[in-house]
Amino acid sequence: MFSLKDKVVVLTGATGTLGGSVALTLAQSNAKIIVLGRSQKLLDLLSNKLSPLTETATFVVDVMNKIALEGVRESIINQFGNIDILINAVGGNLPGAVISDDQSIFDMSESDFDEVVDLNLKGAVLPSIVFGKSMSKQGSGVIVNYSSMAVDRVITRVVGYSAAKAAMENFTRWMAVEMALKFGDGIRVNAVAPGFFIGKQNKALLLNEDGSFTERGQKIINNTPMKRFGNAEELSGAIHFLCSDSASFVTGIVLPVDGGFSAFSGV
């Protein structure tokens, strides 16, 4: 039920900490891993870790370019025969879409806001459409998107990121219904909502150089019942479940992996 042997998995945003961990976990499960990214150097570093474990391929592509994605899709199908799983881990933030403590919403950069929304929303929508089309033809497939704790509650500062992830979460549910109604129960679309994990982008925000918590990091720990940050492998396990036949009757959900953060009222 949990086997992913020989499944063809396409990952976007996998050169980051969380995405890279998922790629390794699925490779260890004997899935075939295709990684898309913008940096050949980072793709090569990840490929070197994956290739001893499984068949793998990399493509330099901008996930915001639908025509380029369609070309990659055809290359993957020519090489691997089909596409079974798409994991949209791409995402990020920009300074102008973040409101610092000495700013207000009126200081937000409109251009940065637009770019953050495009990356976190269209960065999932376009690959879902491009690779989902091949799934619709074969009548089977799994799409997993990345949501955030910033959807269900207001997390200060990250205004652009929060808005984008909220819209992407709605799209996940919409796409799940669309695929099931029109192309059958063999195609599922879900998302995970990570709690707080230490990655390249947020390490300095959450941890001091000596490893102690920053003020913001401590606030997060105070509101996380498990009293720690997550380990990347703990998110990978949830994604493995959603990709496997064990979740064959699961679609249109957002699965929190957050140490209880979303359940805690703070009192």
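How many of the six residues of β2 are buried? Five of them are, and that leaves the strand mostly covered. Keep that in mind while I go through the fold. One caveat before the rest: this is a predicted model.

Okay, the sheet. There are seven strands in it, and the sheet is open. Reading across, the order is β3-β2-β1-β4-β5-β6-β7, with parallel pairing. The edge strands are β3, at 56-60, and β7, at 254-257; each has a single partner, so one side of each goes without a neighbour in the sheet. As for the twist, going from one strand to the next you pick up 20 degrees on average.

Let me zoom in on two of the pairings. β1, residues 8-12, runs parallel to β2, and five bridges join the two.

Next, helix against helix. We describe two packed helices by the angle between their axes and the distance between those axes. I've got two pairs for you, and α1 is in both.

Pair one is α1, residues 17-28, with α2, residues 40-50. Their axes come within 10 Å and the crossing angle is roughly 25 degrees. An angle under 35 degrees counts as roughly parallel, and therefore that's the label for α1 and α2. The crossing is right-handed. On the α1 side, the contact uses Gly20, Ala23, Leu24 and Ala27, and on the α2 side Leu46, Lys49 and Leu50. Sort those by class and you get five nonpolar residues, one polar and one charged.

Pair two is α1 with α8, residues 232-243. Here the axes come within 9 Å and cross at roughly 55 degrees, which means the two helices are oblique to each other. Which hand does this crossing have? Right-handed. From α1 we have Thr17, Leu18, Ser21, Val22, Thr25 and Leu26, and they meet Ala232, Glu233, Leu235, Ser236, Ile239 and His240 of α8. By class, that contact has six nonpolar, five polar and one charged residues.

Alright, on to the loops. Most residues other than glycine have a negative phi. Asn30, though, has a positive one, near 70 degrees. Asn30 is in the loop between α1 and β2, and it's partly exposed because its relative accessible area is 38%. The other is Arg157, with phi near 85 degrees, also positive. Arg157 is in the loop between β5 and α5, and at a relative accessible area of 25% this residue too is partly exposed.

Glu55 is in the loop between α2 and β3, and counts as partly exposed at 39% relative accessibility. What does Glu55 touch, if we skip residues up to four places away in sequence? Lys32, Ile33, Gln79 and Phe80. For a sense of scale, Glu55 and Met168 are 113 residues apart in sequence and 31 Å apart in space, C-alpha to C-alpha.

The last one is Leu94, in the loop between β4 (85-88) and α4 (110-138). Leu94 is partly exposed, at 24% relative accessibility. Leave aside neighbours within four places in sequence, and Leu94 is in contact with Asp112, Glu115 and Val116. Leu94 and Ser111 are 17 residues apart in sequence, and their C-alpha atoms are 9.9 Å apart.

Notes. Residues are numbered from 1 along each chain as its sequence is written. This is a predicted model: local features need pLDDT of at least 70, side-chain atom pairs count only at pLDDT 80 or more; totals for chains, interfaces and linings use all residues. Side-chain values use heavy atoms; hydrogens and water are left out. Helices (H or I, at least four residues) and strands (E, at least two) are DSSP runs, numbered from the N terminus. Buried means under 20% relative accessible area, exposed over 50%, partly exposed in between (1.4 Å probe, protein chains only). Contact means heavy atoms within 4.5 Å. Axes are lines fitted to C-alpha atoms, for helices over the stretch in contact, and angles run from 0 to 180 degrees between N-to-C directions. Angles under 35 degrees count as roughly parallel, over 145 as roughly antiparallel, 65 to 115 as roughly perpendicular and the rest as oblique. A crossing is left-handed if the near helix is turned anticlockwise from the far one by less than a right angle, and right-handed if clockwise. Ala, Val, Leu, Ile, Met, Phe, Trp, Tyr, Cys and Pro count as nonpolar, Asp, Glu, Lys and Arg as charged, and the others, Gly among them, as polar. Two strands pair if DSSP finds at least two bridges between them.
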